[in-house]
Amino acid sequence: MIRSIGLAVVLFAFWLLLSGHFSPLLIGLGIGSCVLVVYITHRMNVIDHEGFPIHLGFAAPTYLLWLGWEIVKANVDVVRIILTPSLPISPTMFRVRASQKSELGHVVYANSITLTPGTVTVDIIDDEFEVHALTSGAADELQGGLMDRMASRMEGNRENGAPEAKT
Amino acid sequence: MAADIASWIFILAGSFLVIVGGIGILRLPDVYTRMHAAGVTDTLATFLLVVGMAFQAGFTLVTAKLLLIVVFTFFASPTASHALAQAALASGLKPRLAEDRRPKDGKSLDDGGAE
C-alpha cells in the first residue's frame, strides 16, 4: 500500500515536472492518469521492492554520491591513458564475487562496474561477475572489493526487511 | 554573467571529454577496450555538457528535464554496454588480454579458481 502511494506521488511529481501546466483542468487530468497507472501496476502486481525500491531510503543517494566520485576518478584515469602516446593499457579479464543478497543488489553492483570507465561487466555467472578491465590497475582496485562492500551496504540498509528477490 | 562563465567551462570540459572518447575509440585495439573509451563519453562528458546547459536554463523546468536526461542516461548506458560486451563474447570474439585472471574451465572462484 505504501509503495502504491509512493509511486503515485513520484508519478505525479514527474508529470508536473514534464508538463509544467498548473491549471485545475490539466492538474486534474494529471492526477487521473497517475491514479490509472497506479491501478494498472497494482493489478499487474509489478510494484514490488524491485520495481519501486523505496526501502533503500537514504542509502541510495549516499551510494550515488560515492559512485559519482568514483566515476570522475575513473574518467580521469582513462582520459590520461588515451592521451598518453605509448597507450599504456594492460587489458585484464577477471572474476569478482558479488556479495549482495538480492538481484536488485546484483544489478546495482554490475551496473556500477560498467558505469565506471575502465571496467565493464561482461558476464554474470550465479553470484560472480566476469569483468573486462582496461588496465591491471583498475582490475586490482575492483578486486579489492570496496565497490562490492559499498553496494552491499546500500542494499543492507533496509527498514522493513524487503523479501529476497530469489523467486 | 557568472552563469555564462560556468556554462562555458562545463560545456568546454564536456566537449573535450567527448573528443578524447572519440580519440580513444580510434586508438584502442579491440571492441572491449574501445568500450572503455566510449564509457568516458557516456558518463562524465554527458554529465558536464548537461550541467553546462543547465547553467544556461537557470532554475526552470528545463533544468529539471535536463537532469532527468542525466539520470536516464546513467541507467541506460551501462545496460547497453553490458549487452554489447556480452554479445561480443557470446559470438566468440576473444578479447586481447595482457593478463587473464579468470579461473580455468569456467570454474567458480570457490573451487580453486584464481585469486
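Author: Helix α4(A) passes helix α6(A) in a right-handed crossing; a crossing is called right-handed if the near helix is turned clockwise from the far one by less than a right angle, and left-handed if anticlockwise. The model is a predicted one, in which local features need pLDDT of at least 70 and side-chain atom pairs count only at pLDDT 80 or more, while totals for chains, interfaces and linings use all residues. Residues are numbered from 1 along each chain as its sequence is written, and chains are lettered from A and ligands numbered from 1 in the order in which they are written.

Two packed helices are described by the angle between their axes and the distance between the axes. Here α4 (residues 103–115) and α6 (residues 146–156) of chain A pack at an angle of about 145°, with axes 10 Å apart. Axes are lines fitted to C-alpha atoms, for helices over the stretch in contact, and angles run from 0 to 180 degrees between N-to-C directions. Helices (H or I, at least four residues) and strands (E, at least two) are DSSP runs, numbered from the N terminus.

From α4(A), the residues that meet α6(A) are A:Gly105, A:Val108, A:Tyr109, A:Ser112 and A:Ile113. On the side of α6(A) stand A:Met147, A:Asp148, A:Ala151, A:Ser152 and A:Glu155. Contact requires C-beta atoms, placed from the backbone, to lie within 7 Å. By class, this contact has five nonpolar, three polar and two charged residues, where Ala, Val, Leu, Ile, Met, Phe, Trp, Tyr, Cys and Pro count as nonpolar, Asp, Glu, Lys and Arg as charged, and the others, Gly among them, as polar.

Leaving aside neighbours within four places in sequence, A:Val131 is in contact with A:Ile113, among others including A:Phe94, A:Val96 and A:Leu142. In the largest nonpolar core, which has 50 residues, A:Val131 and A:Leu142 are among those that touch the most other members, as are A:Val78, B:Val40 and B:Leu48. Such a core is a set of buried Ala, Val, Leu, Ile, Met, Phe, Trp, Tyr and Cys residues joined through C-beta atoms within 7 Å. A residue is buried if 20 or more other C-beta atoms lie within 10 Å of its own, exposed if 12 or fewer, and partly exposed in between. Helix α2(B) gives the most to this core, with 13 residues.

A:Asp126, in the loop between β2 (119–125) and β3 (128–133) of chain A, has a positive phi of about 50° although it is not a glycine. A:Asp126 is exposed, with 9 other C-beta atoms within 10 Å.

Technical notes: Contact = placed C-beta atoms within 7 Å.
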